[in-house]
Amino acid sequence: MTMDATLSGHLQELRRGTVVVASLIVLRTPGYGYSLLETLSRAGFEVEANTLYPLLRRLEAQGLLTSEWNTDEARPRKFYRTTEQGDTLADTLRGEWSRIDHAITDLSVSTTTGREE
């Protein structure tokens, strides 16, 4: 396996979890799938529609999102919103992300300086 393929696989794993957290945070304000895709893209999250829509369905099945159809416009759209349980999970995952980030930073500092903090 080439280094590019290895890197690509690891980046995909890293992004997978971050897209869950980002989606739960963004959907605290109701939105539909395509607008979420655009918002995530603008924020630097590379996610394909064929990855995002199954994720939204899975999060809804887990009780982390609710959805409803808006049929007021010419084209019906399914709007999603983070549930209270989804809010709690997003906050918990953000806290864990912060803890892991600090731990990696501490490891980087201690190995760069050659000493343990």
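Thr82 is found in strand S3. Strands are DSSP runs of E with at least two residues, helices are runs of H or I with at least four, and both are numbered from the N terminus. This is a predicted model, in which local features need pLDDT of at least 70 and side-chain atom pairs count only at pLDDT 80 or more, while totals for chains, interfaces and linings use all residues. Residues are numbered from 1 along each chain as its sequence is written, and side-chain values use heavy atoms, with hydrogens and water left out.

**Thr82**

- Thr82 counts as buried because its relative accessibility is 6%. Buried means under 20% relative accessible area, exposed over 50%, and partly exposed in between (1.4 Å probe, protein chains only).
- A polar atom of the Thr82 side chain lies 2.6 Å from the backbone oxygen of Leu24.
- Leaving aside residues up to four places away in sequence, Thr82 touches Ser23, Leu24, Leu27, Arg28, Leu64, Leu65 and Asp87. Contact means heavy atoms within 4.5 Å.

**Helix H3**

- H3 covers residues 49-61, 13 residues in total. From first C-alpha to last it reaches 18 Å, close to the 18 Å expected at 1.5 Å a residue. That expected span is 1.5 Å times one less than the number of residues.
- Leu52, Leu55, Leu56 and Leu59 are buried in H3. They lie on the same side of H3 because they cover an arc of only 105° around the axis. The arc is taken from the directions from the helix axis to the C-beta atoms.
- On the other side of H3, Asn50 and Ala61 are exposed.

**Around H3**

- The cover over the buried residues of H3 includes helices H1 (3-26) and H2 (33-42), and strands S2 (65-70) and S3 (77-82).
- Gly63 follows H3, and its phi is positive, near 80°.

Key. A polar contact is a pair of N or O atoms within 3.5 Å; within protein, one must be able to donate a hydrogen and the other to accept it, and residues adjacent in sequence count only if both atoms are side-chain atoms.
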